[in-house]
Amino acid sequence: MLFSKSINKFFTMIMNIKNKFIIASSITIASLSIASCNKENLNPIPQTVISDASAFSTPDRILQQVFGVYSQVKNGNFLGGRTHVYNDVRGEDWVNVTGNGVTALGVWNYSIVSTDNQVENQWAVAYSAINRANVLLQGIDANSSILNANLANRYRAEARFCRALTNFYLVNCYGRRPFNADAGASLGIPLRVNASTGSSGAALARSTVAQVYSAILDDLNFAETNLPLTYAGSSDSNTVRAHRNSAIALKTRVYMHMNRWNDVITEGNKIVSTSAPFQASSGVAHRLNAAFLTTFRTYNTTESIFSLPMTNLNSPGGQNGLALYHNAEFALNPTGIIAEAGWRTADARRSLIVNAVAPFRYSKFNDDLNNYVPIIRYSEVLLNLAEAIARTTSGVDSRALSLLNAVRQRSDAGVTLAPATNADLINAILLERRIEFLGEGIRALDIQRQNIAFPAKGSLQPVLPTTLPYVWPIPASEILYNSLAVPNS
Amino acid sequence: MRKLITSTICLLLLFGQLLAQTSKTVSGKVMDEKGNPLVGVTISASGTSKKTVTDFKGTFTLTLPLSVNKLRLEYVGYERTDVTIKGDALVVSLKREDESLGEVVVVGYGTQKKKDITASIATIKGDNIKNAPVQSFDQALSGKAAGVNVSLPNGVLNNPPIIRIRGANSITGSTQPLIVIDGVPTFQGDFSTNLSANNALGTLNPADIEDIQILKDAAASAIYGSRAANGVMLITTKKGKQGKAKVTYDVNVGWSSPFNIFEVLNAADYISIKNEGLRNLNQANVNSSGQPAGAPLFFPATINGQPVDTKWSDYLYQTGFQQNHSLTVSGANEYTKYYFSANYNNQEGMLQTNTFDRKQMRMNVEHKATNFLKLGGNFNYSRGTTFSPNSGSLPGTPFATAGTARLAFVTAPNVSPYLADGRYNIMGIDDAVMRNSFNQIGRNNNLTNSGFVNPVLVRDLNVISSQIDQITANVNAEFKLLKGLYFRSQYGVNYQTVEDKTFYNALHGDGIQTTATTDDGLAFNTIGKYNITNFQNTITYDFKLGSNHTFNLLAGHEEQHVKTDRWGASRSGLSDNFFNEFQGNFTINNAPVNNSITENYLLSFFGRVNYNYNNKYFVSANVRRDGYSAFADGKKWGTFAGGSLGYSISEENFWQKSFLAKVFDNFKLRASYGQVGSLTSVGNFASLSTFGSFQYGLGNPTLFFNQAGNKDLKWETSEKLDLGVNFSFLKNRLNVELGYYNANLSDLIIDVPTPPSLGIPGNTIAANAATAYNRGIELQIGAEIIQKKDINWSINFNIATQNNEVTRLAPGVTEIIGTTQLERTNITRVGHPQGSFFLIKTNGVDPATGRRVFVNNAGREILFDFSNPVAANRWTFRDNGQVAPAIDLSRDGYIAGNALPKAFGGFSSNFSYKDFDFSFDIYYSLGNSVYFGSRAGLLDQRFWNNTTEVLNRWQKAGDITNIPRVVFNDNISNGSANPIDANLFNGNFAKIRTITFGYTLPKVIAEKVKFSSARFYIQAFNPFVLTNYPGADPEISVNGGSGLTPGVDRNSVGQARTINVGLNVIF
């Protein structure tokens, strides 16, 4: 009642001004002025992302972009997880357990099609990594005042190392035939070398496999020249970032895929001593760890030439991690490598087999939230070099054999391999690779570089190199939206 | 309580009462036509300031100067009446206004007389929906208005319905209309970030709704400019009505249960079918369990001497109990209107552990402070809480391994939920490594995996919830500046906090990290704060020029800020299974989840002119200029306008002189046209190119290109034409509205795909690229068939057709694939309706071999044989037996049907006889197909259990059947791996949405127990469905309102059937 009266009184007073328009217009003006001073609200600034205008404005941001490239290479749909799984399970050493269509069942039984998520995702993530590298390369060029020339080239080298690595996996998976089938004459993949920030340049034809390899080597040569010998500070950087020896090590693998054995030897010799104990004499002092498992539990040792780091806060994501596949989705094929009689129980690598009866699991990787994913290890360089020497020599080359035994004896000191012929030596090296890299995504690469059939496994017959299931289909979306792309046929 | 209310009301009635000086005293009584006293009738004496209102008995006393000899009586809903004072005791009866003519309709930023409206506006009365057993009012709107399609995509509690007004007006953006409650735009849709759906509209108590106006055409909606393309829904909440305090109490209790759920094999049939599949596979067992080729892997089991035959749906579905209580107190005198309400609603769903709970309070007050100032305010607080299992029914989740909808049927029936000792049956329960590496239900005697997770354990131990606390409030003031000239200002807020909690147990299911046993158990919580602040100022001017030109002018300004601030955290490594809350002890902190900060701002100026000449010719025009923050720089401002013409031809002399006047009571033609916009497809910062950040390994922060912006991004445009005719005949007992609409949509935003090799983040760039149209006819008929003293019967019928076609996508892009989480199901292709089904053509089963017949893009038939050990030889041409290329959806798929209905509508009937009433309403939808993807899973030949349909499988040469020969692990023949047209079915349906039977207590009895009225009712929700669709529910849509993937039924739950009984009492 009191309230009501005072309101009435107040308004009666105002009414005495005898001009209600004054009230109304002042309210109107007040509200419109509130409105007009809020016009800056029409241009809000996002609080959780950084504008493209300032993404290269400081050396720190550019360094963060370097890590941004690595982080996409380690995406769980690519080298942080699935790509290794795909390259493993296409081979003969694994069997599918769960029948789950989204966790590599179709990859394992060669039934994937162009619309498959696995086909699409790996491709898209890999190309996104390439574009991050290209955006970084363009940004470093366009902001030349921010970095000194030396650092700029170092970052360029890291970007190009990542681009080369990515192109290598892409071309092996999606290229119509391996380089060694026809010296790279088949269709490879679109070779993206320019930064894409809009839709221009969408249409791009597939380069030949040879052209892609040439680009990979170009990038790796630049990387070798410009990468640092080592990173100061934490040893982690020497594992999770590319340094000079990383580029050299990757080159040994790339040349293997081109059957350029002499180049493998040249590159290998840059980081492998002539005799045991084998180690790198410049840059990061690579050597084998004394115990096999150390590499997979300590992660940033000198054996790990390049690995992708995992932490709780930066994991491969659900259904992507290696441990999941090795211990749940897939099991070791009872008639695969574990049936190999020469692989003794005493071998440290064999002791990682879980269960005495099928399904056999493999615990090389046991924790997807922490296990680094190795991309290239020193033992691979040793075996690459050994194979290249064996293939360019006759008989049983002693250095090749010594390299092979360095790898075998690290895990099983009780064995000295002694192949009788050159062919036996090569076979022993290839067999050693199946054992040493079991679960590390090397098997399909090894099969394809030799241009041999994927062997039979379980109910599946061999897949011959000329047939379409030998490689992956180009993703449907690429065919649909890239007018110059053609499917594998 | 009652006393308190009464005294409150007395206090309110005292407000503003004036003292009077006496000369003569007049008293009297005011009644309605039936002789009931009318309470709160305003009685004033012209030429003086004397006035009073009638009391509870309808009587009044007024002291007047001797010169006064006339009184004016005014009462809402009744005709204004002047009486001459004769004697000192008057008895007056007031006549009801003709409701249909005087009815005032809320339109954007004002009101308009219903008879003056020439735009297309549908009205739904709140009383029509308040008793429905729904969680949010929008779920009750199906079939209620022509052209307004409201479908419920699943039966998960408080999951938002899909609303499409006159078709889908956007391809990738939301098609939901703008929803405005008492003038303030509100939040709508699922605000939960986890698997417990929580529609923000569930916070509104349906019983508080007075009415809903749905603005369908541009003439009505253009005043909302860039937000109008999907139509506008204006909700007005209840206000007090003149008279003494009215207290109402509505209560209902009900029971919800599933219907039409799948009939799957029992244990014996399951074992026999699966082992038959193994024999047919006739190969080395791919599971490497050491069994010889073709050997059985599935065996009967017993637990504690009882054979295991588990009907999993019994463990996951239930009959859920629900209750709803609403209490309101409302009233008004000539100065103040008030309305208070409180609501408690608690529902259990048909899925176990699915619940919804609402506690809500509202206060609406309107006060006439002086003769030129009116003040008002609304305040609503509400808390809506949902708990839900992982239902697998929400968009993006149908393939969730732990999705209840699938687990209830595909889990092997010959395994048990519990072990003999009562513990849960899971693989390696005593061995953490085994347990984690399988993370599957135990197998009993089977030799291979027999299910995904144990759904009973997950049901018991996982907890997923979402809670919305919402405050909506607005204050407003209206100044009368001159006669007919008003200035109104309103400030409103809608603040809501949403807390989502998820706990996954460490024993089994989604909380298992599979490989790092120390990390098991997972909890993640998210808090989101969502704010709308809205400020509006309008000036309206109503005036007449001469006696025939009536004008109503409006000018206004509105600005609105919408902000989201949300963060979440995640922990794993549960230390003890006792804990099931985030705050319990976990040993590992994970990356944050659901972080988001975003905002948008809308600044607008608008105006409207309504004009009519002698109630015969009507003209209206709207214009609005909107500046919106999300549009690209230089494209911030857009102008939108609409107008209409109306011609009340029945007012013409020639009409009134002709026989037509005898047939029609009125006849009105209307036409409207306008251009309005939609901004829902424009992300708040979509025009900007940005770099996101995270980390690489330990301590290496990253920065990376994460969005390719489009510097030309602006609103979507809808150019709407509406033509219509309204007429009524048989003394207004039959009302017909017939209309034609055509919306040409342009600048539609699509995420224009870029080839993935280009490396653009997300492989798309949003652009105003596409065009499409929606056209159709709407018909609404209302008939008062019987209007007698004791018997009343009215029916309403409506139908709308819709014809949608995409006419352009983007340069070089003629189709966009629609993906249902993992599989491609739909395609939006130029020249076809959006979201059409894109499937592989099949042609039954080959009687000779029992193989599925696929048809490739050249029309050649290809047989598939999963049992062929050579992968490359599995596909063969039917005509020559030679190896064929594998069927590939992208190459061999075709448009197999349309997903959007061609016609839909409703039919309702209300019948009453004396104290009994009976009503029902039907919602129907015609002319679309539904992709029954669940069937692909239910016929999958992996360990999955099958529907009993599999018993018709091909077994020997010559068998004619639609089910191929079963081959163990075959996930291709029945469409699991790639969708096939054998799983596409006609989606026509008519659903009786509600049937209600009510009984109102006779007045004499009611008064004895001190009620002014009391009605009991029993109601069935979804009691009957007429359809040939073989799935659970043809209304289902597992992708929610997605425009690219409508009409997909994949591993999700249909709606529940609810029976409830209730009581509405007015004191």
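In which loop of chain B is B:Asn260 found? Select B:Asn260 and follow the chain both ways: this residue is found in the loop between strand 17 (243-258) and helix 4 of chain B, where helices (H or I, at least four residues) and strands (E, at least two) are DSSP runs, numbered from the N terminus. Phi of B:Asn260 is near 60 degrees, which is a positive value in a residue other than glycine.

Before going on, note that this is a predicted model, in which local features need pLDDT of at least 70 and side-chain atom pairs count only at pLDDT 80 or more, while totals for chains, interfaces and linings use all residues. Residues are numbered from 1 along each chain as its sequence is written, chains are lettered from A and ligands numbered from 1 in the order in which they are written, and side-chain values use heavy atoms, with hydrogens and water left out.

**Where the two chains meet**

Colour chain A and chain B separately and look at the contact (heavy atoms within 4.5 Å), which takes 104 residues from chain A and 96 residues from chain B. Together the two chains bury about 8,100 Å², 64% of it on carbon and sulfur atoms; buried area is the accessible area (1.4 Å probe) that two parts lose on being put together, summed over both. Now select A:Leu42, A:Leu313 and A:Tyr481, which supply 9% of the area that chain A buries against chain B, more than any other three residues.

Next, show the side chains of B:Arg824 and A:Glu120, which meet in a salt bridge at 2.9 Å, N to O. The term stands for a side-chain nitrogen of Lys or Arg within 4 Å of a carboxyl oxygen of Asp or Glu, and the count between chain A and chain B is one. On the chain A side of this contact, select helix 2 (residues 20-37), which gives the most to the side that touches chain B, with ten residues.

Select strand 1 (residues 50-51) of chain A and strand 33 (residues 690-692) of chain B, which run antiparallel and are joined by two bridges; here A:Ser51 stands opposite B:Thr690.

**Strands in chain B**

Move to strand 21 (residues 336-348) and strand 22 (residues 355-370) of chain B, which run antiparallel and are joined by 13 bridges. B:Asn345 has B:Arg358 of strand 22 as its bridge partner. These two strands form a hairpin with six residues between them, and B:Thr353 in the turn has a positive phi of about 70 degrees. A hairpin joins strand 22 to strand 23 through two residues.

For a pairing in the other sense, select strand 1 (residues 24-31) and strand 7 (residues 89-93) of chain B, which run parallel and are joined by five bridges. B:Met31 has B:Ser93 as its bridge partner there.

Then find the open sheet of three strands in chain B, whose order is 50-49-53, with mixed pairing. Strand 50 (984-986) and strand 53 (1048-1049) stand at the edges, each with a single partner strand, so one side of each is left without a neighbour in the sheet. Strand 49 (residues 929-932) and strand 50 run antiparallel over three bridges, and B:Val930 stands opposite B:Phe985.

Select B:Arg953 and B:Glu276, whose side chains meet in a salt bridge at 2.8 Å, N to O. B:Arg953 lies in the loop between helix 12 (933-938) and strand 50 of chain B and B:Glu276 in helix 4 (residues 267-281) of chain B, so the pair ties together parts that are 677 residues apart in sequence.

**Last stop in chain A**

Finish at A:Pro277, found in the loop between helix 12 (261-271) and helix 13 of chain A. The peptide bond from A:Ala276 to A:Pro277 is cis, with omega near -10 degrees.

Methods. Two strands pair if DSSP finds at least two bridges between them.
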